[in-house]
Amino acid sequence: MKHSVLHVALAAVAISGAGTFGATAAWEPVRPVEFIVPAGTGGGADQMARTIQGIVTKHNLMKQPMVVINKSGGAGGEGFLDVKSSANNPHKIIITLSNLFTTPLATGIPFNWKDMTPVAMLALDEFVLWVNAEKPYKSVKEFVDAVKQAPAGSIKMGGTGSKQEDQIITVAVEKATGTKFTYIPYKGGGEVAVQLVGNHVDSTVNNPIEAVAQWRGGKLRPLCVFDGKQMAYDEVIADGKGWKDIPTCKSQGLDMEYLMLRGIFMSPKATKDQVEYYIDLFKKVRATPEWQDFMKSGAFNTTFLTGADYAKWVETEEKRHETLMKEAGFLATN
Amino acid sequence: MEELVNLFHGFAVALQPFNIMVMILGIVLGVIIGVLPGLGGANGVAILLPLTFSMPPTSAIIMLSCIYWGALFGGAITSILFNIPGEPWSVATTFDGYPMAQQGKAGEALTAAFTSSFVGALFAVIMITLVAPLVASFALQFGPAEKFAVYFLAFCSFVGLSKEPPFKTIAAMMIGFALAAVGLDSITGQLRLTFGSTELLNGFDFLIAVIGLFGIGEILLTMEEGLSFRGGKAKIDLRVVLQTWKEMPRYWVTSLRSCIIGCWMGITPAGATPASFMSYGIAKRVSPKGENFGKGEIEGVVAPETAAHAAGTAALLPMLSLGVPGSPTAAVLLGGLLIWGLQPGPMLFVEQKEFVWGLIASMYLGNLVGLIVVLTCVPIFAAILRVPFSIIAPLILVLCAIGAYSVHSSTFDVVMMLVFGVVGYLLKKCNYPLAPLVLAIVLGDKAEEAFRQSLLGSQGSLGVFFSNTLVGTIMVLGLIALFWSLIQQGYSRLRTAAA
């Protein structure tokens, strides 16, 4: 009797052993997955994370639930440090924005993107130079001329956050055109767009999704996009124009390109299978009509990168941010 | 006239059986979220957002906005029963609501709070129905200088209109400002006062401070007074609702004033919290019963609750028409709209009529349903106070700890809550008012940000705060409120000198 119990137990161990072996071959989450957003609720990264969560839930792409958690403290530093300290926990992924580079550089918190495991680049967010539609400038040249003629610093550029992407672009524009703006930081991109509509600032570099409503309402005018090529979406939005009709800044004599990473990282020391699982998951997400609608509504650049290509892209961008921020004097002093 | 036709069409949408079911579900969930301190409307809506992705957009927004109404209603419950504000805007409700509960009048206080909430929301919805486009353009005039002026007015009316010694009020407020300064400086992007600690990256969250100062502090005080819980004789009777209703029309002036303050603060968008504080402060000053405020005056519950609910409702208007959320919860709702493929902004009212008017109709119905749900539960809520203190106190402690933990999922916050509890106890013992401290933690960093944005824009000139009629008027109102006692004294001295 005892003997047979032992046999059953051994068999059970063997089976469960085989089970774990099978699981390592194709890893999948066994607990709810925490999806960290290193930014506040309602912003661009938050919207994307919650869209992904919605798609995963609706299409049943994952057996375990996905939980979105905002950790926005210290310009996102809280979220990055949380992932950094979660080594060997494959149930934690994070969506990034440019604060992946700017926050450690500007605040000096002990973090670098190499502390996490890169998973995939989901998309790149565009930046557009916007002015109020009531203003006379119709082109980049007219606008830059007006800035040059105004007393130095009297033209106000509104943007999201301080020493982050919007201010970096502003400094780069100043350098490229030999002008001087007064940069005013606000908490969120939607607020920035409304401040421009109310003429409290003179120009902004809002992402398409932040300003599209005001453009459709005829309140704002796009001047150029900070990308190497024009955006791909040709649907008419206002005045017979769509995203595709916005010229690149370079073609307008403003030699500056900037795209913001919307990518996924996971906790340190993740195995190859675990990374593969998430890459596969995001491939499935990208194939859904909801995702394509979301990309269209925000006029995103839909470049998808994984593995070494992705890591290389991030590394180049990190160097570039360091140079840009050093030139602007944004690096932490300590 | 076209608006009315649209509205009736909206009612038809909102009254579909599925939508009514969704509405009731939303209200119940919202009340639960509002009752749990720390969970809060914004977190609650964010957690439940994915539930709604499979619904049609109109039903989804009805459900989410009903969660929002439910949370607004629910926030008052713990404030009145245990002196623990479930939401920032219910802090002012504790001032008179909790003393009422201690006197055995919890039922009256709850009824007054719920009814005033309903009145405030109704007023704001009517305003949205009639003058939405006009109001939207008013909100556009608010730049950083105008926003700072509104915060300035809120602070000044608190110092000038409070009956506490002004220096104690200012001292408490300064502690609040200092706590609000911890974390990331949003203008320079630098960390400050964190002393290299990663726990302090996020600064001091308002909710942690409130749960500690009020909830834990109150338990410590009660323990000192000999473990007695004075709400024991709370009546459990639905008739209390009708009796309170008979009394309420007497306060119509306060109600109307609070509605207007609330709508104005909701649109600007300063939000429900300053609205409730300001409305309470002004009511205390101008009401003939002002002397009794803070001792359990029903008018002291009516004023903040009306204003908070009017502001909470009005805050949805700038979100829909401009795409700028007037409150954190509205910010999450905004994210939801984008996910359903609806683009908030000037064109939403033109292109998505069914959705917009369905939502507005659901505001009327949702609030009505909410009122009925919470009022029928008044006796049950009031009965909680019959449980002996030795049983309820540990439960409150656990609830507070869970609430503090759930804000950022951090145990450090639970420790901070206990520290705030001791601080709250000591401040109360020394007769320092807690409300200005809380107000400064909530609005301190926002006021600072608006102030510095204004000065950046004006290249350092303070003249920006008097550069147009709108901002100038608000600033002057603030200064008058600040020196109100001095002005009154000077005036009466002039009269005696003349006589």
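**View 1. The open sheet of chain A in the predicted model**. Six strands of chain A are arranged in the order S2-S1-S3-S12-S4-S13, and their pairing is mixed. Strand S2 (66–70) and strand S13 (305–306) of chain A each have a single partner strand, so one side of each is left without a neighbour in the sheet. Strands of a sheet pair through backbone hydrogen bonds, either parallel or antiparallel.

**View 2. Strands S3 and S12 of chain A, with the helices that pack on the sheet**. Strand S3 (residues 92–96) and strand S12 (residues 260–266) of chain A are paired in the antiparallel sense over four bridges. Thr96(A) has Gly263(A) of S12(A) as its bridge partner. Helix H3 (residues 77–84) of chain A touches strand S1 (33–37), S3 and S12 of chain A, and its direction makes about 145° with that of S1(A). Helix H9 (residues 272–286) of chain A touches S3, strand S4 (117–125), S12 and S13 of chain A; the direction of H9 makes about 20° with that of S4(A).

**View 3. Domain 1 and domain 2 of chain A**. Domain 1 covers 33–125 + 260–328 of chain A, and domain 2 covers 128–252. Their centres, taken over C-alpha atoms, are separated by 26 Å. In the contact, 18 residues of domain 1 of chain A meet 16 residues of domain 2 of chain A. On the side of domain 1, helix H4 (99–107), helix H10 (289–297) and helix H11 (307–328) of chain A each supply at least two residues.

**View 4. The contact between chain B and chain A**. Chain B contributes 43 residues and chain A contributes 44 residues. H15(B) gives the most to the side of chain B, with seven residues. That side holds 24 nonpolar, 19 polar and no charged residues.

Key. Residues numbered from 1 in each chain as written. Chains lettered and ligands numbered in written order. Predicted model: local features only at pLDDT ≥ 70, side-chain atom pairs only at ≥ 80, totals over all residues. Contact = placed C-beta atoms within 7 Å. Nonpolar A, V, L, I, M, F, W, Y, C, P; charged D, E, K, R; others polar. Domains from an automatic or database assignment. Pairing = 2+ DSSP bridges. Axes fitted to C-alpha atoms, helices over the stretch in contact; angles between N-to-C directions.
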